[in-house]
Amino acid sequence: MSSPRSGLVRDTLSGLPRYRPGRRSPISGDGSSVSFTLSSNENPFPPVPAVLAAIARAIEQTNRYPDMFALELVEALADRLQVGTERVAVGTGSVGVLAQIMAATCESGDEVVTAWRSFEAYPIVTGVTGARPRQIPLTPDGRHDLAAMAAAVTDRTRVVVLCTPNNPTGPVIRHDEAEAFLTAVPDDVLIVIDEAYVEFVRDRDAVDSLALAARHENVAVLRTFSKAQGLAGLRVGYAVASPEVADALRATATPFGVSAVAQAAAVAALEAQTAVAEQVERVVSERSRVVTALRAQGWDIPHAEGNFVWFPIGPAADEFVAVCAGHGVTVRGFSGEGVRVTVAEAEANDILLDVAGRDQWDAVRNAR
């Protein structure tokens with residue numbers, strides 16, 4: 001029997017960009033060489049001992065399904081953030097929660113406004129729903145152009161995503177900017193503030209997203225345990241939102257999606273805040289050292305508030321990636337635009353600084 005459909009899957013998927021993860025550095029089996037992966041914004045340190053112990057205990061119960069609603073984790077988050085449990089929802093990393101948000105809000109023909117370049121998953125999770133991404137160029141210094149983003153909102157806009165610090169460029173959105181943006185956007189548009197790197201932020205003017213979410217029903221905050229807590233391999237993140245939105249996220253969640261191991265590790269990480277914060281401070285200190293050294297070399301890089309730095313070197317991006325690889329560090333290139341490099345161990349950062357200081361980059365050090 002014939003069918004009017006063109007294939008087994010939706011036509012809209014054919015045009016979706018595919019997520020391209022950062023390359024992994026090759027592992028030497030004989031220990032003859034050392035290489036570093038600086039391409040995925042991972043925490044260079046393993047989880048703190050209390051978290052590793054919680055993981056070991058939880059592994060023994062992997063024959064059982066996890067708590068579908070992650071109640072212990074939700075309660076721990078609510079207590080830590082001083083919000084009601086009805087406003088917290090968890091998922092498989094902040095990108096998994098964002099996919100739930102899109103599923104709960106968007107249909108074919110709707111629009112989602114984001115900055116660009118920003119996190120690569122945004123157009124993917126948007127397009128899966130049939131909605132259309134509207135990507136607004138960043139300012140020359142790598143920041144969100146919030147005025148242009150507000151002007152791009154139409155009666156078809158369902159969601160605006162703000163990434164702060166912006167991945168891959170690094171600057172934060174300031175609180176006064178966010179306040180002004182909210183007054184310019186209709187209340188029936190959901191403003192998602194993606195804060196995957198919030199623990200690394202030291203800018204005192206950075207947006208207080210939880211304060212905005214407490215006052216505005218159309219603000220949802222996304223955070224993750226992948227970066228600061230070093231749980232990227234376990235996939236656990238969360239949203240703080242209005243009770244209506246949080247309930248919708250529970251409705252669109254994959255049943256039992258967040259594993260028992262991930263839940264136990266996340267709870268332990270919240271309880272081990274002092275040790276986690278010490279690891280974060282080590283990264284922040286290295287970030288400061290790297291940025292200072294790069295600027296001393298003549299690089300004009302955007303303000304860095306995540307655990308990464310951005311080289312806006314346009315056509316030289318592919319060459320920079322290749323030279324880094326030749327010296328034992330794998331970095332994340334965006335062909336024709338720039339290179340994002342994760343701040344990692346001092347040894348790896350020293351290699352980056354050596355590569356970045358070479359004379360061959362004289363012509364692009366001040367490129368924007």
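Biologist: Which residues of helix 12 (residues 346-356) are buried?
Modeller: In this predicted model, local features need pLDDT of at least 70, side-chain atom pairs count only at pLDDT 80 or more, and totals for chains, interfaces and linings use all residues. Residues are numbered from 1 along each chain as its sequence is written, and side-chain values use heavy atoms, with hydrogens and water left out. Helices (H or I, at least four residues) and strands (E, at least two) are DSSP runs numbered from the N terminus, and buried means under 20% relative accessible area, exposed over 50%, and partly exposed in between (1.4 Å probe, protein chains only). In helix 12, the buried residues are Ala348, Asn349, Ile351, Leu352, Leu353, Val355 and Ala356.

Biologist: Which elements do the buried residues of helix 12 pack against?
Modeller: Contact means heavy atoms within 4.5 Å. The buried residues of helix 12 pack against strand 1 (36-38), helix 10 (273-297), strand 9 (308-311), helix 11 (317-326), strand 10 (329-334) and strand 11 (338-342).

Biologist: With which residue does the side chain of Glu120 make a polar contact?
Modeller: Glu120 is in the loop between strand 3 (111-116) and helix 4 (121-128), and it counts as buried because its relative accessible area is 18%. A polar contact is a pair of N or O atoms within 3.5 Å; within protein, one must be able to donate a hydrogen and the other to accept it, and residues adjacent in sequence count only if both atoms are side-chain atoms. At 2.4 Å, the side chain of Glu120 makes such a contact with that of Arg332.

Biologist: What is the length of the polar contact that joins the side chains of Ser226 and Arg235?
Modeller: Ser226 lies in the loop between strand 7 (219-224) and strand 8 (237-240). Ser226 is buried because its relative accessibility is 5%. Not counting residues up to four places away in sequence, Ser226 touches Leu231, Ala232, Arg235 and Val236. The polar contact between the side chains of Ser226 and Arg235 is 2.9 Å.

Biologist: How many disulfides does the structure have?
Modeller: A disulfide is a pair of cysteine sulfur atoms within 2.5 Å, and the count comes to zero. Cys106 is in none, and its nearest cysteine sulfur is that of Cys163.

Biologist: Is Cys163 buried or exposed?
Modeller: The relative accessible area of Cys163 is 3%. Cys163 is therefore buried.

Biologist: What is the phi of Ala70?
Modeller: Most residues other than glycine have a negative phi, and most peptide bonds are trans. Ala70 lies in the loop between helix 1 (49-59) and helix 2 (71-81), and it is buried, with a relative accessible area of 1%. Phi of Ala70 is positive, near 50°.

Biologist: What is the phi of Gln82?
Modeller: Gln82 is in the loop between helix 2 and strand 2 (88-91). Gln82 counts as exposed because its relative accessible area is 66%. Its phi is positive in a residue other than glycine, near 60°.

Biologist: Which residue does a cis peptide bond join to Pro165?
Modeller: Pro165 lies in the loop between strand 5 (157-163) and helix 6 (175-184). With omega about -5°, the cis bond joins Pro165 to Thr164.

Biologist: What is the omega of the cis peptide bond from Asn167 to Pro168?
Modeller: Pro168 lies in the loop between strand 5 and helix 6. The omega of the cis bond from Asn167 to Pro168 is near 25°.
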